[in-house]
Amino acid sequence: MSDRTVTCPACKGPAQYGPANAWRPFCSQRCREHDLGAWASESYRMEDRAQGGDEGTEFTEPAPEPLRSQGSGTH
Ligand SMILES: [Zn+2]
């Protein structure tokens, strides 16, 4: 008795929100898969970016050798 209608995030249409609707809060399987696919690709892009940045910082970890003037004491 808790069935109610919500707005489908994918197609903005009415979706039944209840045990009868396995794709809730989406209205259909197509809408659910479409939204999941878009979300997954987006998060994958962000992860890819973060990983690239991490590697960059690791690469620049070794600091440049300090220039020491050798033999300047003995002239
Ligand atoms: Zn929908």
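Author: Start with pairing: two strands pair if DSSP finds at least two bridges between them. This is a predicted model. In it, Thr5 has Gln16 of β2 as its bridge partner.

Reader: What makes β1 and β2 a pair?

Author: The cut-off is at least two bridges. Strand β1 (residues 4-7) and β2 are joined by 4 bridges. Therefore they count as paired. The two run antiparallel.

Reader: What lies between the strands of the hairpin?

Author: There are 6 residues between β1 and β2. In this hairpin, Lys12 takes a positive phi near 60°.

Reader: Why is Ala15 called buried?

Author: Buried requires 20 or more other C-beta atoms within 10 Å. Ala15 has 23 C-beta neighbours inside 10 Å, so it counts as buried. Ala15 is found in strand β2. Buried residues make up 8% of the 75 residues in the chain.

Reader: Which residues is Ala15 in contact with, leaving aside neighbours within four places in sequence?

Author: Among them are Thr5, Val6, Thr7 and Cys8. Arg24, Pro25, Phe26 and Cys27 are also on the list. Each of these contacts has C-beta atoms within 7 Å.

Reader: Which elements have the lowest and the highest mean pLDDT?

Author: Helix α1 (residues 29-59) has the lowest, 69. Strand β2 (residues 14-17) has the highest, 95. For the chain, the mean is 77, and 57% of residues reach 70 or more. Where pLDDT is low, the predicted coordinates should not be read in detail.

How values were computed. Residues numbered from 1 in each chain as written. Predicted model: local features only at pLDDT ≥ 70, side-chain atom pairs only at ≥ 80, totals over all residues. pLDDT = per-residue confidence, 0-100. Buried ≥ 20, exposed ≤ 12 C-beta atoms within 10 Å, placed from the backbone. Contact = placed C-beta atoms within 7 Å.
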